[in-house]
Amino acid sequence: MDYCPHTPDDIKQMQAAIGIAGIEELFSDIPGKFRIKQIPDIPQALSELETMSMMSDLAGKNKLPQFTLTGAGSYHHFVPAVVGHITGRAEFYTAYTPYQAEISQGILQAIYEYQTMIAHLTGTELANASMYDGASAMAEAVVLCAKMSGRSKIIIARSVHPEYRQVVKTYSWANGYKVVEVPYAASGQIDLDVLQKKLDDQVAAVLVQSPNFFGVVEDVASIADSAHNKGALLAAGFTDGTSLGILNPAGSLGADFVVGEGQSFGNPLNYGGPYLGIFAAKEKFMRRIPGRLVGATVDKNGKRGFVLTLQTREQHIRREKATSNICSNEALCALAAGVYLAALGKNLKRLAELNVYKTQYLKNKLLELSGWEEVFPAPVYNEFVLRCSDARKVNKKLKKEGIIGGYELQKDYPELKNTLLFCATEMISKENIDKVIEILK
Amino acid sequence: MPKPNPQDRVYSRDHEWAKDNGDGTVVVGITDYAQEMLTDIVFVELPTNGKKVAKGEPVAVVESVKSVSDVYSPVSGEVIDVNTKLESNPEIVNQDAFGDGWMVKIRLSDAGELKTLLRAADYEQMLKEEKH
Amino acid sequence: MELIFEISKSGRSTADVPASDVPAVNIENTIGGKYLRNELDLPEVAEIDLIRHYTNLSRRNFGVDLGFYPLGSCTMKYNPKVNENAAALPGFTGLHPYIDERSAQGNLQLIYEMQKYLCAIFGMAEFTLQPAAGAHGELTGVMIIKKYFEKKKQKRRIVLIPDAAHGTNPASSALCGFEVMELRSNSEGGVDIEHLRSLMTEDVAALMLTNPNTLGLFERNIEKVAAIVHKKGGLLYGDGANANAFLGKVRPGDLGFDVIQLNLHKTFSTPHGGGGPGSGPVGVGKELVDFLPVPRVVKKDDKYKWSEKFPDTIGRVRSFYGNFNVVVKAYTYIRSLGAEGLKRATEMAVLNANYVKEKLKPYYNLPYGRICMHECVFSGSRQVAENGVHTTDIAKKLIDYGYHPPTIYFPLIVPEAIMIEPTETESKETLDTFCKAMIAIAKEAKENPEGVKSAPVTTPVTRLDEVLAARKPDVCCKR
């Protein structure tokens with residue numbers, strides 16, 4: 001199967017128009033000794049029917065669980081039907097970046113609305129059109145803070161998602177920055193005393209998440225004060241975006257940047273991607289932030305319209321002087337997020353509350369079992385950490401029943417032996433939780 | 001057509017001007033020719049007071065919709081004032097590059113540098129040559 | 001059109017939330033009042049109004065499914081629908097990234113095989129699928145180069161980049177602490193070999209080359225270029241933006257490229273989504289495999305698993321495993337076309353570009369006249385000189401003819417550039433009608449330049465005031 005509409009006669013006519021006798025002549029600039037006749041080791045072409053059945057077989061080799069109690073940076077939420085119907089419109093998904101504004105008003109306005117909703121949700125004044133994912137959004141914030149301040153030390157809370165910390169470390173290594181980790185206190189929040197000790201006038205940015213990787217809500221206001229006292233900037237993330245339905249956002253608590261994963265807003269789990277990085281900032285950073293930005297303006301007749309704006313920040317104009325090399329966003333994922341937030345509206349608060357109810361129910365039920373104990377006393381949103389006698393065995397038992405258990409923290413935190421990070425979203429029913437308790441009794 | 005280049009100041013080859021205040025300080029801006037080449041200026045990034053600059057080093061940045069250009073300091077010294085009006089009204093540079101569109105005031109560290117810059121006539125000669 | 005906020009009315013919503021089947025708790029007591037927000041200002045719209053809002057927005061957007069989209073360098077080929085259906089299978093969309101490997105064998109096999117196919121197509125030793133976009137892949141590729149020299153304990157400061165390159169190349173290099181030096185193009189649009197010789201020292205880490213380059217021309221001296229770079233111990237980086245020009249014809253690995261990055265959303269037909277998500281795999285030669293990002297899929301006894309046991313890795317560049325669902329679409333594409341189909345795609349893409357080039361040559365300046373690959377670059381300089389009509393005007397006029405304009409003002413080395421990439425999925429009839437429109441515009445530029453300059457007139461808005469947008473930025477609706 002291929003998608004070329006050319007008939008043999010078309011090809012003949014086109015060759016004649018170009019003045020060549022055969023297709024091979026078009027490739028005469030490629031030195032002959034390197035030219036190949038055929039790509040080796042690629043299976044034979046398939047018809048559409050064969051393709052679909054082969055792909056279904058492959059998908060069938062995956063085992064979808066009954067339900068999952070793991071979040072850890074990727075959250076299973078219900079996606080209202082409207083989201084897929086809108087993102088499935090070919091006018092959106094078969095378009096490129098909106099360079100030609102007059103025929104791209106659809107995605108431009110949708111992104112402008114997305115930017116506005118995200119700015120509000122995060123308590124900031126502006127948001128870009130989205131980035132690759134939560135981790136790279138955080139890493140981009142690091143580069144920006146370092147470039148603006150001329151400082152080269154980065155402080156990151158150990159309670160930030162382990163993979164985000166790894167991405168930040170990779171970007172920092174490439175740029176020659178030093179990364180310092182600050183431990184968590186017994187509460188599960190960042191150890192403020194250690195943070196203050198490690199803060200000096202070489203620190204460009206402090207990075208935290210709230211809720212953090214343990215599900216714990218951080219005292220962002222105090223962290224912001226500490227950072228600002230030393231002239232450092234605060235880039236605060238979050239884990240599950242739906243938490244913003246009830247939590248006071250970091251932007252309102254003094255964070256300079258709010259960076260996080262937007263997957264929770266209408267995007268499926270997709271085995272880790274595509275997702276979208278949320279990048280929001282205080283107004284004063286508008287002309288410095290990375291990524292695409294859509295702005296409102298007027299046309300020749302004074303009619304409102306939207307364009308990509310402040311492009312002088314970007315690589316195609318500033319080239320090696322740009323703070324970031326990013327040149328696209330995750331537009332379709334951002335569109336999904338915008339539709340999701342518009343669909344939920346104020347119900348996002350009720351959804352977030354429901355997540356808290358389910359989480360508290362699961363947590364309390366597990367704590368009733370013998371041998372289970374709470375690890376961190378600080379307040380949580382929809383994730384929490386418990387210790388049990390054998391974390392691996394617990395997950396094995398659940399797996400047998402088709403349930404994905406908690407995330408084993410020991411992998412990333414050797415000190416947290418036999419602890420599990422559980423998550424309960426609105427997708428988990430009382431029946432599900434009661435079944436888990438039954439299995440683990 | 002660009003406005004004539006005033007006689008009361010000196011010019012750099014990078015299209016900046018410096019006007020001697022006679023008290024060891026100069027006012028610096030870009031020429032009318034430069035603003036015309038840049039087209040509509042949408043943003044001017046100015047330094048903070050107290051910044052030390054050497055001759056030929058970037059002291060400000062001007063942006064149009066599709067370009068970014070450094071403004072090089074024509075003299076060495078310390079920035080003692082910046083034209084904050086440009087922050088919200090960058091179009092002033094387009095309208096009056098030699099007057100209200102000034103960018104920074106610099107306290108000279110070497111007054112002799114002024115003599116190394118071009119007079120208006122020499123600057124115009126340079127422009128003519130550049131065009132050919 | 002109204003903003004979603006302007007049609008919002010208190011008390012409405014689209015999505016409801018189920019009643020709780022577990023006991024409610026007091027949120028203030030559970031989380032603490034000081035951590036809670038006191039207002040939530042999101043739009044409130046009924047489902048019918050929401051659907052109409054976004055559907056009407058979609059009607060103000062142009063995509064490949066609506067018409068010809070010859071946006072040079074972006075490879076706007078048709079996005080096959082079977083790819084979308086395959087990627088939407090619940091087995092692919094429904095897995096949590098931290099599910100145990102035994103439950104994700106289908107995904108792991110797909111990733112593993114995709115890497116093998118890309119190795120076969122491009123002649124590289126290994127691929128990573130972690131980078132989320134082309135520019136992200138570039139950054140990853142340059143990081144790999146940096147790590148390679150770190151490991152060799154060589155301090156090399158410079159990356160060479162041709163003047164015609166995409167802006168991402170210098171930006172990616174600078175983000176890895178390299179200094180960028182610009183390499184000149186010669187009169188036929190290729191690398192200026194003498195200039196390369198003079199710049200290529202033992203302080204140069206790599207040459208970043210797009211081949212075919214952004215003029216759509218294949219680098220005839222590629223063997224020489226590779227030899228000059230390698231002789232001084234440098235690496236040759238290939239920007240795969242233009243890979244649609246050579247599948248099944250030549251393999252970058254055979255030409256001497258040490259690192260390449262791809263764009264699955266260009267070459268392998270995954271939709272661009274209005275600016276993403278894309279996917280930017282990076283392929284490397286043997287000496288660089290150890291530096292690839294982790295985790296990597298490994299196969300043992302017909303079972304697949306993730307491994308982080310690669311001590312020389314650059315680390316991670318993204319959470320989880322990249323834009324997996326985009327990879328599913330590209331995998332579907334490769335399997336349905338097979339080796340023969342991929343080759344035919346390239347042949348028809350190059351045929352189409354040369355056909356357009358021949359047809360338009362009499363009407364627009366063609367700065368480089370030789371056979372082009374998958375795209376051709378014209379200059380609007382004749383129209384500027386004769387009629388005062390600029391490339392922007394020509395582009396906007398094409399909109400009134402029902403086309404998405406080509407890429408304009410790029411590459412920077414061609415004044416008033418018009419870069420046309422038809423792709424292989426367009427028929428001769430589509431190209432003929434498009435060329436007719438281009439010829440009509442050239443004619444109108446002569447006879448009625450104002451008519452071209454006032455375009456577009458068929459769109460919901462006319463030309464927008466970009467100066468105002470940048471002077472008084474409004475990037476967030478203040479209500």
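Trainee: How many helices and strands does chain C have?

Mentor: Chain C has 17 helices and 12 strands. Helices (H or I, at least four residues) and strands (E, at least two) are DSSP runs, numbered from the N terminus. Please keep in mind that this is a predicted model, in which local features need pLDDT of at least 70 and side-chain atom pairs count only at pLDDT 80 or more, while totals for chains, interfaces and linings use all residues. Residues are numbered from 1 along each chain as its sequence is written, and chains are lettered from A, with ligands numbered from 1, in the order in which they are written.

Trainee: Why is chain C called as compact as a globular protein of its length?

Mentor: The radius of gyration is taken over C-alpha atoms, and the globule rule is 2.2 Å times the number of residues to the power 0.38. For 479 residues the rule gives 23 Å, and chain C has 25 Å, which is close, so chain C is as compact as a globular protein of that length. Along the principal axes, its C-alpha atoms fill a box of roughly 75 × 60 × 45 Å.

Trainee: What makes Tyr271(A) count as buried?

Mentor: A residue is buried if 20 or more other C-beta atoms, placed from the backbone, lie within 10 Å of its own; 12 or fewer make it exposed, and anything in between partly exposed. Tyr271(A) has 29 C-beta neighbours inside 10 Å, so it counts as buried. Tyr271(A) sits in the loop between β7 and β8 of chain A, and has a positive phi of about 55 degrees although it is not a glycine. Leu310(A) also has a positive phi, of about 50 degrees, and with 23 C-beta neighbours inside 10 Å, it too counts as buried.

Trainee: What makes β2 and β4 of chain A edge strands?

Mentor: Two strands pair if DSSP finds at least two bridges between them. β2 (126-127) and β4 (178-182) of chain A each pair on one side only. They belong to an open sheet of seven strands with mixed pairing, in the order β2-β8-β7-β6-β5-β3-β4 (chain A). Inside that sheet, four bridges join β3 (residues 153-157) to β5 (residues 203-209) of chain A, and these strands run parallel.

Trainee: How many residues does each chain bring to the contact between chains A and C?

Mentor: Chain A gives 168 residues and chain C gives 169. Two residues are in contact if their C-beta atoms, placed from the backbone, lie within 7 Å. On the chain A side, helix α12 (residues 347-368) supplies the largest share, 12 residues.

Trainee: What makes up the largest nonpolar core?

Mentor: A nonpolar core is a set of buried Ala, Val, Leu, Ile, Met, Phe, Trp, Tyr and Cys residues joined through C-beta atoms within 7 Å. The largest one has 335 residues, and those with the most contacts inside it include Met138(A) and Ala235(A). Helix α12 (residues 324-360) of chain C gives the most to this core, with 19 residues.
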